[in-house]
Amino acid sequence: MALELVTNPHLDWVRTLSPAEERALRAVKAGEADEEQQAVCLAMLNAARDEKRWILCDCQEEEGQQAVIVPVRRTRRHFALSNRPDTQEPHAEDCVFARGKAGGGGGGRSSVFDDMFDPFTDGGRLAGEPAPAAADRWGFEGLAPGRQPRTLSGMLGALMDAARLNALAVADGFSSERQWLAEIAHAAEAFRLAPGVPMPAFLFTDPADWRLGAVARRLAAAESNWPERHRPFALLCWTAREVDETAINRSWPRLGHVEVRSKVTAPSVWQNRVPGPWLFLGLVARSEDRRQWECLSASAQPIVSTLCPVPVDSHSERRALGTLRRLAQGLEADPGLRHALGGAVRAELEKPLFRFETAGGPCLPDFLLTITRPGGGGHMPGNPGPRRTDGRYDAGGILRYVIEVMGFDDAEYESGKADMHARMHTLGRLFRMEAPLFDSRHNPLRRQREEIGADIRSDIMRRWGRK
């Protein structure tokens, strides 16, 4: 029989899982699900939990025993898709739902993180932004894969990553802000603000909704029915041309002026805010001491431009990405590579937003350049490929290059980066760009790009060229 949803605890039949849902559930529990299967599984499990349903597994059918329960239980971050240790009706030993089998390891926990974003602590207060990691004092640590964001900056990064705005091959295809803001809204479908409250219902990407009071009206209408033990809130998300300590677009009211009760979080270099434009995410809720709806906090992420929403963490990164765009285009159009490989390579430049877990510890490169052999698969738009959580690729038709933009040239800075660079070497060959020399005569930005491009071309020919 197929897996079935039943009532909890009377086991009355509700419906049979669709073939797609069953495949997704088994793949998730086995730790083999792709992004689409994770989304299908999460949607089904969230609905099952909200409606107080369990799943019946057929693993003991051949032994003549009754179907075994798969309780749909959730911790703060994960669904637990296996019996408790003391269950009287265990799954078959080889069943994927047997306790301790596959998935996320210990206790048989699934590898899918909870999709609910709640920026408030248990006491209803806003969770603070995390301090930079001591092991990487020079850069943003980044979220770990599968870790649910708890802060606005983490959620903004998760939305940009889910919308693939951090991939140049995707971001170069937008002709207006509304297009990529629509991608943000689409990516929000994978998250909820509270049980039964989908994020898109309270994510506003049109400044007019804030200016004309539509945000407050929608929150006020939903407040009485908001799930218990959860604080009602909404999210604002659009482009900022101006960011100061406590406001977004103060001088640009028609573009979405928002006053913020707390200090706006934004990347800075040596205590100087990185120039815009920015993509901002603001949290609207009732304040502790006032009755009106206010923007309590906001996070602003610098992007390359309003038509290219690739995130950057410094002005040097913005300049580097501009020239790396030409490098990627040059590799794709290179006639010598095309002739030697029997077709054009595909090049994707990506700004990682989630850290990679390597044998030496976590790391977060500035840029990744992924080259796909003609006819090969890879992590390209619409084709996720065989990406693993440690950042490596299983396919022989993929080459990866790590590009780090060195913002300073002093000994302390170099020392702080050394350990991180050693970890990055496990992801792919590492190239450095020296930002202090971008405007120099002997090693300007253009020359650095040309030297990196020549080295990558030679590496491609050595690995893939016809013998």
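Predicted model: local features only at pLDDT ≥ 70, side-chain atom pairs only at ≥ 80, totals over all residues.
How many strands form the open sheet, and in what order? Three do, in the order E12-E13-E14, with antiparallel pairing.

View 1. Residues are numbered from 1 along each chain as its sequence is written, and side-chain values use heavy atoms, leaving out hydrogens and water. Strands (E, at least two residues) and helices (H or I, at least four) are DSSP runs, numbered from the N terminus. Two strands pair if DSSP finds at least two bridges between them. The edges are E12 (243–244) and E14 (258–259), each pairing on one side only. E12 meets E13 (residues 247–248) through two antiparallel bridges, and Val 243 sits opposite Ile 248 in E13.

**View 2. Helix H7 and its buried side.** Ala 214, Val 215, Leu 219 and Ala 222 are buried here (under 20% relative accessible area; exposed is over 50%, partly exposed in between, with a 1.4 Å probe and protein chains only). They span an arc of only 130 degrees around the axis, so they lie on the same side of H7 (the arc is that of the directions from the helix axis to the C-beta atoms). The face turned away carries exposed Arg 217 and Ala 221.

**View 3. Around Leu 235.** Setting aside neighbours within four places in sequence, Leu 235 is in contact (heavy atoms within 4.5 Å) with residues including Phe 117, Met 199, Phe 204 and Leu 283.
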